[in-house]
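Hello,

Here is the structure for your files. Please open it alongside this note; the findings follow below.

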Amino acid sequence: MRLAFAAAVAAGSFGAQAQIAKNVVGKSPWGAADEIGALNMMTDASRLGILTRAVAGKVYDLGVDLFVGMPTCCGPFGDPPYQIWMTHAPARTSAQGMSYSGDGLSMYSHVGTHIDTLNHFGLNGRIWNEVRADEALGVRGWTKSGADKYPPIIARGVLIDVARAKGLERLPASYAITPADLQEALEKQRTKLAPGDVVLLRTGLMTLWPDASKYRLIDQAGLSLEAAQWLIDGQKAMLIGADNFGVESFPSKDRSNFAPLHTYLLAEKGVSLLEVVWLEDLARDQVYEFLFIASPLKLRGATASPLRPLAIPIRGGS
């Protein structure tokens, strides 16, 4: 089976993937003022509906720890690693015995578990909803589609455990998940997708976390463009996440675009991405449907925000 997977990786065709993306930024069906894309699928009614389906008090934490030396995707691109340092330490106390501690943080906004916002990737000088970079991008960030514009996310979540469906601890390096892989996993899990779902894909790469020499961007398994199209156009997923650095597989088979799934989802379809999501506990307990809750920080203009997503089991059925 492993040899067959390796052959499938090697046989991936640039032409097949290039036919999917149009390489033109999308115009929002939610109007000219839209800055959050597919997250508009959430409504007060949809939030209430999924909240009432929670059936357990157990809460699954889908975020990873942030610590100095943690794996990071983008050091080779010049982006800073996570740092924390004490700004005040209780070396001395007052006459009343009081002391206090404080610390400072420095980090790339795409470190750890986070959400990519729609201004993260663009095409031909524009981002989602035909927003021009020369009109909406300044030295302190974007004025459009930043993390500060994102609402709290409360929706039905679905785990698709592709690695388990294949009988593997984790998918082979650079393996590109196909629509057939997703359909096979959903069938084995007896799970169905519904419009507006948050879909989380397990490649098994978190079994390598936090070894930075093995959990890395350069050869990660992930989603193919064809599978992304199946999830968005066919199943109407609202948000896609994974347990790897970039959701998609790397390196890209598209020689003209090192991250074609990012441009397709963010710029063309208005679908945000969740990256570095901890899915091992959900997978261990075979919890495939859940109440998903996450809220981006209001980082004005930011292309991403750290997240600590939560999952709570719900009654079955889409």
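Which strands does helix H6 lie across, and at what angle does it run to E9? Helix H6 (residues 179-189) lies across strand E9 (153-161) and strand E11 (198-202). Its run is at about 95° to E9. Axes are lines fitted to C-alpha atoms, for helices over the stretch in contact, and angles run from 0 to 180 degrees between N-to-C directions. Helices (H or I, at least four residues) and strands (E, at least two) are DSSP runs, numbered from the N terminus.

Some ground rules. This is a predicted model, in which local features need pLDDT of at least 70 and side-chain atom pairs count only at pLDDT 80 or more, while totals for chains, interfaces and linings use all residues. Residues are numbered from 1 along each chain as its sequence is written, and side-chain values use heavy atoms, with hydrogens and water left out.

Glutamine 189 sits in H6. It counts as buried because its relative accessibility is 11% (buried is under 20% relative accessible area, exposed over 50%, partly exposed in between; 1.4 Å probe, protein chains only). Glutamine 189 touches Leu159, Ile160, Asp161 and Tyr288, leaving aside residues up to four places away in sequence. Contact here means heavy atoms within 4.5 Å.

Now the sheet. It is open, with 9 strands in the order E1-E17-E15-E9-E11-E13-E14-E4-E16, and the pairing is mixed. Two strands pair if DSSP finds at least two bridges between them. Strand E1 (60-61) and strand E16 (304-306) are the edges, each pairing on one side only. E16 pairs with strand E4 (residues 114-116) in the antiparallel sense, over 3 bridges. There, histidine 114 stands opposite proline 306.

Next, a helix pair. The axes of H7 (residues 225-234) and H8 (residues 260-269) come within 9 Å and cross at roughly 25°. So H7 is roughly parallel to H8 (angles under 35 degrees; over 145 is roughly antiparallel, 65 to 115 roughly perpendicular, the rest oblique). Leu225, Ala228, Gln229, Ile232 and Asp233 in H7 meet Pro260, Leu261, Tyr264, Leu265 and Lys269 in H8.

Last, a loop residue. Aspartate 34 lies between helix H2 (14-18) and helix H3 (44-51). Is it buried or exposed? Aspartate 34 counts as buried, because its relative accessibility is 7%. It touches Ser28, Asn40, Trp128 and Asn129, again not counting residues up to four places away in sequence. Aspartate 34 and lysine 149 are 115 residues apart in sequence, yet 9.8 Å apart in space, C-alpha to C-alpha.

Best regards
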